Amino acid sequence: MSEPSAASQQLFDLWKKQLDEGTQNWARLLGQNPTPTPDPFSFWKPAMEHGLQQWARIFATTPVTPDLMSQWKQFLDQSIEAWSKALSQVMSTEAYAQAMGKALEQWTASYAPVKKQTDQGLETALQALNVPTRAQVTSLAKQVMDLEERLDRLDDGIAAILRRLDAGKA
Amino acid sequence: MGQERFADIAERFANSYAELGAAASPEMVKRWQDELERSFKRMTNLAQMVQHPVEPRTGQTPREEIYRKGKARLYRYASKRTHRTPVLFVPNLGISRPYIFDLLPGGSFIEHMTKEGFDFYLLDWGVFGPEDNELSFEDCVVKILPRAARKVLESSGAESLSVLGYCMGAPLSASFIASHPEVPVKNFINMAGPIDFSKVGLFGLWLDRRFFDVDRFIDTMGSLPADMVKAGFKLLRPTMDLSTNLNLWWNLWNDKYVESFNALNKWANEYVAFPGEFFRQWVRDFYQGNKLHRGELVFGGRPVRLSAIDCPLFVVGAKEDYIAPPACVRALMDATRSQDKEYVELPGGHISLIAGRGASTHCWPKVSGWLASRS
């Protein structure tokens with residue numbers, strides 16, 4: 001019988017080899033892009049390598065028990081955490097913030113005329129159908145809130161008078 | 001090994017398993033059986049979740065509405081009151097719904113506080129529509145919070161109240177207490193509320209005035225829609241969903257976990273828009289101007305100076321809080337005149353202070369314990 005640890009080591013080696021080859025293929029594919037791109041692998045590869053080595057040790061030393069499931073979960077947790085840290089590093093750069101701000105600005109600039117046109121079209125259509133428009137409903141809601149504010153002020157005034165009366169009695 | 005087919009190795013691996021099984025100890029067999037049972041239960045629960053999703057019953061602590069203004073509602077929770085001083089709880093405005101504070105029986109911050117004998121009030125800011133776009137941060141501090149505080153005092157019959165601010169509710173509360181010295185606030189608790197925005201982390205960088213023109217954005221959009229709030233928070237921790245789903249799969253055999261997950265997941269995907277003027281002021285004066293910490297705010301003609309706060313103060317930060325990092329929360333400690341003040345930094349993130357297993361053991365007893373001796 002093959003030793004379980006040896007068999008699992010072989011399986012793992014094969015998996016690692018495939019992963020490495022896949023990574024190299026992707027790197028070659030991205031390398032064909034004429035514009036220079038940042039190397040995303042530099043962020044996660046050290047963490048991935050570290051995780052793989054740990055996993056290799058576990059496979060080599062641990063017998064095949066249900067504990068392997070826990071170790072696999074631990075490995076995935078660590079990988080996700082490593083990804084999270086790497087992404088956080090990228091996202092906490094000024095370059096990223098600038099790019100995000102620019103993208104949002106462009107989106108806002110393109111969205112504004114579309115929104116204006118849609119709103120106007122909808123307004124005209126609803127008016128033609130003799131249905132209250134969004135602006136009219138919003139305006140009504142604001143009037144109700146203004147009334148509510150006036151009532152609150154009256155309530156404040158009455159409460160203040162009552163407090164003074166109570167203080168006078170005491 | 002290079003020439004060997006993957007299938008050969010897999011077969012050998014499976015055979016070695018089988019041979020190991022023959023020689024395995026009864027304990028090992030039992031553990032494999034348990035693992036298989038868990039896997040089976042996982043599949044059953046997954047099918048149940050997909051085919052017959054159960055609507056979680058959140059917010060079960062009995063309560064009554066005692067005041068409303070616009071979309072805001074003030075609720076009083078039923079309690080066996082043993083402390084004289086009522087507690088006004090001010091959560092964040094926008095972003096998410098406040099039922100996270102009363103998620104499920106046995107896992108509810110509000111249930112904990114009422115069981116500890118506090119007369120507990122929650123200010124629910126509500127879900128906003130286009131008619132609320134003119135509601136500003138200043139309106140909340142000048143028009144809503146003073147009235148809510150008065151209603152709490154009237155309803156409880158007490159002479160003073162404690163104010164508990166969570167997340168954005170803390171700077172809202174701090175602005176209110178600092179600008180309304182006539183309101184008898186006996187104690188103030190800041191749970192994960194940002195105060196010094198120069199230390200606020202990723203959001204601070206993304207909302208920096210060099211990169212984000214809040215005026216242009218609000219003038220175009222009118223408000224910050226719920227979908228954009230969601231996108232912003234998802235970007236803050238892009239691997240969060242992956243991690244959540246992995247943990248769900250791992251614990252899917254556990255019915256109790258699945259029940260909590262359903263409730264928390266419902267909350268975590270229910271975002272609330274920001275009213276336009278509120279968001280404009282929040283970004284411009286707080287994230288970009290840091291005016292609260294600098295003492296440069298004036299609300300309703302009243303200066304807002306944190307140094308005017310002199311009541312007992314309890315500040316709670318979370319070690320892994322990416323929304324309000326501990327340094328920006330802790331800043332309140334040095335900004336007030338309070339003599340009786342305490343800071344604790346607890347494990348976990350922003351949400352783990354108010355929901356989850358850790359919260360009920362690490363956080364809530366500390367908050368209720370500190371407050372009990374001063375109420």
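Two strands pair if DSSP finds at least two bridges between them; strands (E, at least two residues) and helices (H or I, at least four) are DSSP runs, numbered from the N terminus. This is a predicted model: local features need pLDDT of at least 70, side-chain atom pairs count only at pLDDT 80 or more, and totals for chains, interfaces and linings use all residues. Residues are numbered from 1 along each chain as its sequence is written, and chains are lettered from A and ligands numbered from 1 in the order in which they are written.

**Exercise 1.** Describe the hairpin of S1(B) and S2(B).

Solution. Step 1: S1(B) (residues 63-69) and S2(B) run antiparallel, joined by six bridges. Step 2: within this pair, Arg68(B) lies opposite Arg73(B). Step 3: two residues separate the strands, and Gly70(B) has a positive phi near 60°.

**Exercise 2.** Find how S2(B) pairs with S5(B), and state how far S2(B) is covered.

Solution. Step 1: four bridges link S2(B) to S5(B) (residues 120-124) in the antiparallel sense. Step 2: Tyr75(B) has Leu122(B) as its bridge partner in S5(B). Step 3: five of the six residues of S2(B) (residues 72-77) are buried. A residue is buried if 20 or more other C-beta atoms, placed from the backbone, lie within 10 Å of its own.

**Exercise 3.** Classify Asn190(B) as buried or exposed (12 or fewer such neighbours), and list its contacts.

Solution. Step 1: Asn190(B) belongs to S7(B) (residues 185-191). Step 2: Asn190(B) counts as buried because it has 30 C-beta neighbours inside 10 Å. Step 3: contact requires C-beta atoms, placed from the backbone, within 7 Å. Leaving out residues up to four places away in sequence, Asn190(B) touches Gly165(B), Ala170(B), Val315(B), Val316(B), Val329(B) and Leu332(B).

Conventions
Contact = placed C-beta atoms within 7 Å.
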